[in-house]
Amino acid sequence: MPTYEEQIADLEREINKTQYNKATQHHVGLVKAKIAHLREKMEARAKASGGPGDGFQVRKTGDGTVILIGFPSTGKSTILNILCGTESEVAAYAFTTLTVIPGMLNYRHAKIQVLDVPGVMRGASTGRGRGKEVLAVMRNADLCMFIVDVLRPQEIAVIRSEAENVGIRFNTRRPDVRIKKTARGGIKVAKTCKLTQLDDETVKAVLKEFRINSADVVIRQDITVEELIDCIEDNRKYMPAISVFNKTDLVTQEQLGAIQRKYHPDICISAQRKEHIDELRVLIYDRLDLMSVYLKEPGKEADMEVPLIMFRSGTIRALCEKLHKDFISKFKFARVWGRSAKFGGQKLMLSHKLKDSDVVEIHLK
Ligand SMILES: Nc1nc2c(ncn2[C@@H]2O[C@H](COP(=O)(O)OP(=O)(O)OP(=O)(O)O)[C@@H](O)[C@H]2O)c(=O)[nH]1
Ligand SMILES: [Mg+2]
């Protein structure tokens with residue numbers, strides 16, 4: 001019996017040699033489902049046998065967590081040190097950093113935790129180097145920064161696909177697909193739009209590959225077979241990502257232009273020369289999607305000097321959780337002024353979504 005890895009490699013070879021077109025898309029879809037199912041089994045087995053090693057757990061602190069991911073020697077530790085004033089070891093050889101080194105970036109009242117981790121490489125998702133542990137830490141982050149050496153720009157695709165192999169999806173939302181398993185009646189597919197990359201038969205066959213023989217499926221957007229598989233397995237982590245090309249001091253302006261046109265990085269910097277670091281801070285803050293709210297005590301003026309930082313469209317519940325662990329159990333109601341309130345001082349409950357610059361007054365029992 002071939003191992004899961006061997007079976008996956010065989011199936012991947014099969015996809016690579018198949019011309020993708022209307023006639024083969026059903027077959028290719030099924031092969032992709034088989035691969036995903038094998039990966040799921042592999043994950044389950046890895047979990048049962050202990051999972052990632054120790055020394056790699058970091059407690060999340062601050063208003064958001066950013067992780068620096070990249071091949072060895074791309075400048076991750078250098079960037080951490082500039083952003084946070086830490087002293088993570090920097091050296092010209094690969095695998096300088098061997099565990100997770102946290103730092104704190106203070107920016108516009110936000111405290112952003114930045115994690116420097118060992119370099120990963122091709123094959124990380126199947127356990128090469130410390131790849132598995134690194135990718136597990138990544139899953140818990142709120143924003144991923146891919147750090148790429150401008151002289152090896154093609155690595156951006158490799159690193160992204162390693163992360164996707166462990167079930168992380170970047171800069172996209174979970175597709176609008178509902179799958180409700182039913183006791184009998186077979187698979188029923190309802191669509192609110194035209195599917196250009198999938199037909200009903202493929203949807204059914206892919207579901208059956210995951211041992212789902214009876215279900216109501218509602219598809220509300222034009223999805224790919226990969227996205228359908230994501231919805232079936234339903235354990236993907238969706239997170240924003242920034243691609244940072246570092247070491248721009250090593251190329252000419254023309255070379256940099258050509259690289260940018262081909263690979264479309266979000267930002268190019270030279271960590272060593274501290275170039276474009278301010279823009280990088282702005283980008284991190286923006287992509288973490290943070291907002292400020294101001295707290296007010298009953299009968300007093302709001303403190304408009306120091307905001308509380310939280311994720312955009314966070315609820316009153318999320319705000320209470322940030323403040324104190326007892327606030328949820330003691331919560332009576334909140335009064336809100338600002339963009340999320342219908343009128344100033346509106347009485348609102350825990351599930352209410354706040355907006356940037358709201359003023360909130362919490363009433364406890
Ligand atoms: N020329 C140039 N060199 C840089 C730049 N940033 C970092 N370096 C150098 O690249 C080498 C690797 O930097 P590190 O920060 O240790 O890289 P890393 O990604 O943390 O490496 P690992 O921990 O081994 O994965 C060091 O010699 C740095 O001085 C840059 O902007 N330009
Ligand atoms: Mg390092």
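Predicted model: local features only at pLDDT ≥ 70, side-chain atom pairs only at ≥ 80, totals over all residues.
Local features need pLDDT of at least 70 and side-chain atom pairs pLDDT 80 or more, while totals for chains, interfaces and linings use all residues. Residues are numbered from 1 along each chain as its sequence is written, chains are lettered from A and ligands numbered from 1 in the order in which they are written, and side-chain values use heavy atoms, with hydrogens and water left out.

We can begin with ligand 1. Around ligand 1 stand 23 residues, of which Lys76, Thr78, Phe95, Thr96 and Asp249 come nearest (a residue is near if one of its heavy atoms lies within 4 Å). By class, this shell holds 9 nonpolar, 11 polar and 3 charged residues (Ala, Val, Leu, Ile, Met, Phe, Trp, Tyr, Cys and Pro count as nonpolar, Asp, Glu, Lys and Arg as charged, and the others, Gly among them, as polar). Helix α3 (residues 76–84) contributes the largest share, 3 residues (helices are DSSP runs of H or I with at least four residues, strands runs of E with at least two, numbered from the N terminus). Oxygen atoms of ligand 1 take part in polar contacts (pairs of N or O atoms within 3.5 Å): one lies 2.7 Å from a side-chain N or O atom of Lys76, and one lies 2.8 Å from a polar side-chain atom of Ser77. With Gln272, a polar backbone atom is 3.0 Å from a ligand oxygen. Of the 660 Å² of accessible area that ligand 1 has on its own, the protein covers 91% (Shrake-Rupley method, 1.4 Å probe).

The largest pocket contains about 1,400 Å³ of space (on a 1 Å grid over the protein atoms alone, a pocket is an open set of points with protein on both sides within 12 Å along at least five of seven lines, a cavity is a set where a 1.4 Å probe fits but cannot get out, and lining residues have an atom within 4 Å of a point). Among its 46 lining residues, Arg39, Glu164, Asn165, Val166 and Gly167 are closest to the centre. Helix α2 gives the most to this lining, 10 residues. The search also finds 1 cavity of 30 Å³ or more, with a volume of about 60 Å³; its lining includes Arg39, Asn165 and Val166.

Finally, the structure holds 20 salt bridges (a side-chain nitrogen of Lys or Arg within 4 Å of a carboxyl oxygen of Asp or Glu). One of them joins Lys60 and Asp142 at 3.1 Å, N to O. Lys60 lies in the loop between α2 and β1 and Asp142 in the loop between α4 and β4, so the pair ties together parts 82 residues apart in sequence.

Notes:
Points joined across faces, edges and corners; volume = space filled by probe spheres on them. Polar contact = N/O pair within 3.5 Å; in protein donor to acceptor, adjacent residues only side chain to side chain.
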